Amino acid sequence: MADSTLPSAKTDSSLGDELTEASRAEYSLLIIDNDPAHARAMTESLERVGYRCTVATSGPEGARLIERETFHVVITDMVMNDIDGMKILALARKRLPDCEVLLVTGHASVPIAVEAMQEGAFTFMEKPITPQRLRAVTEKAVQAVRLRQQNTELRQRLDERFGFEGIIYASPEMQQVIDRLKRIAPTDATVLITGESGTGKEMIAQAIHQNSPRRNKRIVELNTRAVSEHLVESELFGHVKGAYTDAVSDRVGAFEYANGGSLFLDEVGDMPMSTQIKLLRVLEEHEITRVGDNKPIKVNVRLISATNRPLEEMVEDGSFRNDLYFRIKVVTVTLPPLRDRRDDIIPLMDHFRKSFLKRHAKPTAHFTPDVTKRFFAYQWPGNIRQLRNFVETMVVLDNDGSLGEDDLPPELSEQVPEDAPSPNMVSGPVNLIGKPLATIERWAIEETLRLSGGNREEAARTLGIGPRTLYRRLDEYKKLEQGDDAEGSEE
Ligand SMILES: Nc1ncnc2c1ncn2[C@@H]1O[C@H](COP(=O)(O)OP(=O)(O)OP(=O)(O)O)[C@@H](O)[C@H]1O
């Protein structure tokens with residue numbers, strides 16, 4: 001049977017309970033058939049169980065309606081003059097990304113219908129169609145739409161919860177980043193996020209989007225490095241059928257798909273030169289042209305880019321366009337490597353420990369103090385991603401409820417302790433636990449001074465002490481250091 005070929009994911013009985021008549025009225029259906037009697041019969045059959053239906057008796061009329069209105073399910077005849085079912089499918093996929101398309105076919109067009117399913121049609125129904133079958137298949141399509149809507153809502157709720165809250169940090173360096181993000185996110189400014197691999201650039205891009213007025217629209221991600229050079233343009237701007245040998249149909253690119261929302265362009269430094277000029281033009285003119293086409297399409301997209309490459313140097317050596325560089329870095333966010341914000345290490349360890357214990361259904365386990373020390377002292381070349389992976393490995397391997405040295409990955413267990421920064425070099429309150437109050441005070445004063453860019457008045461104000469007290473302390477530290485040097489030279 002034709003509709004027994006429903007794709008398995010979509011026939012899953014978990015798609016939902018039977019819809020009530022009232023809930024069916026929330027869904028809007030478009031029926032396109034150039035046989036008016038057949039269109040009417042299908043409409044009546046569906047309206048009788050509560051759906052809201054609109055009828056088009058030709059392909060062009062159907063196409064016009066898709067351009068203008070929103071439908072949850074489109075039921076279209078396959079063979080029509082001018083605009084056939086395949087074209088309707090392509091248009092619906094482009095204009096109504098949350099809609100399902102059902103194709104009605106005669107026996108002869110079954111092979112094309114199978115192809116249509118590969119292009120994203122929900123299923124096809126072979127004529128003659130009984131009202132029962134029509135309703136059953138439509139119901140499945142509506143349930144798929146409903147499930148997707150529920151998932152989106154759920155994700156949105158989670159995203160709201162995990163806007164900036166999902167970003168774990170305790171360091172003053174990250175506090176500064178977050179303060180900056182809170183000012184940047186609600187605007188429409190183009191943002192460039194820089195930082196080594198694994199520092200959280202993608203996470204920050206998501207947080208910017210989720211805290212922006214565009215949060216109810218998509219954020220579309222495109223990793224320039226992951227796409228082969230000759231496909232970057234098609235991925236960004238889309239293409240029309242025939243643009244390449246493989247371009248068997250029109251395709252929407254990331255810019256169009258992100259319309260109204262944000263586009264996260266990861267590894268922007270890897271973009272081929274020829275695409276850079278095109279991207280620049282899109283950012284200047286706010287319109288794209290699909291590859292193989294010459295019709296400009298208006299787009300309204302906020303661009304968030306990220307790179308771990310030194311763009312400034314690339315501009316100097318000519319491998320990245322200067323004008324594009326200035327366009328994409330209207331606002332920059334620099335994520336420091338983890339080794340430069342060690343105060344984040346312990347909160348991150350704790351966060352990932354809890355999350356992986358839960359994910360792997362393991363009983364509670366804690367890090368031993370030795371392990372914490374090793375984590376704290378490690379250089380983290382792979383940054384937070386590496387820390388996350390190490391914690392996961394340890395949680396998985398642990399069999400005694402204690403995340404100890406026996407669970408450490410080789411990079412950490414083989415770490416020569418001398419390699420580790422000495423506690424005095426490690427900035428951070430954790431390392432000060434158990435130290436005399438005078439040492440803690442010195443750390444606080446020096447750290448505040450560093451954060452205020454050496455401005456003593458500001459540092460004193462932040463610390464809530466008089467400037468003279470601050471000068472006195474700094475003098476004392478200087479004398480202490482000179483004393484240390486003198487002792488050293490006497491030896
Ligand atoms: N502050 C943070 N709090 C919690 N998780 C974080 C934080 N920063 C990064 N992560 C997690 O670390 C991992 C790596 O982060 P992400 O993919 O955002 O890094 P990236 O800088 O985009 O890496 P790349 O340059 O390799 O693409 C992800 O699993 C992310 O969720």
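**Strand pairs**

I started with Leu29 and found its bridge partner in β2, Cys53. Strands β1 (residues 28-32) and β2 (residues 52-56) run parallel and are joined by 5 bridges. I took two strands as paired if DSSP finds at least two bridges between them. Helices (H or I, at least four residues) and strands (E, at least two) are DSSP runs, numbered from the N terminus. From β1 the chain passes through helix α3 (residues 36-47) to β2, a right-handed β-α-β crossover. Right-handed here has the path from the first strand over the helix to the second running clockwise, with the strands pointing away from the viewer.

A note to myself on the source: this is a predicted model, where local features need pLDDT of at least 70 and side-chain atom pairs count only at pLDDT 80 or more, while totals for chains, interfaces and linings use all residues. Residues are numbered from 1 along each chain as its sequence is written, and side-chain values use heavy atoms, with hydrogens and water left out.

**The open sheet**

Next I traced an open sheet of 5 strands with parallel pairing, in the order β7-β8-β11-β6-β12. Its edge strands, β7 (219-223) and β12 (331-334), each pair on one side only. I looked up β6 (residues 191-194) and found 4 bridges to β12, in the parallel sense. In this pair, Ile193 stands opposite Val333.

**Salt bridges**

I counted 20 salt bridges, each a side-chain nitrogen of Lys or Arg within 4 Å of a carboxyl oxygen of Asp or Glu.

Arg148 and Glu100 form one, with the closest N and O atoms 3.0 Å apart. Arg148 sits in helix α7 (residues 131-161) and Glu100 in strand β4 (residues 100-105), so distant parts of the chain, 48 residues apart, are linked. I sorted side chains as buried (under 20% relative accessible area), exposed (over 50%) or partly exposed in between, with a 1.4 Å probe and protein chains only. Glu100 is buried at 2%, and Arg148 is partly exposed at 31%.

Arg341 also pairs with Asp344, at 3.3 Å between the closest N and O atoms. Arg341 is buried at 2%, and Asp344 is buried at 0%.

Last, I noted a network of salt bridges linking Arg225, Glu267, Asp270 and Arg309.
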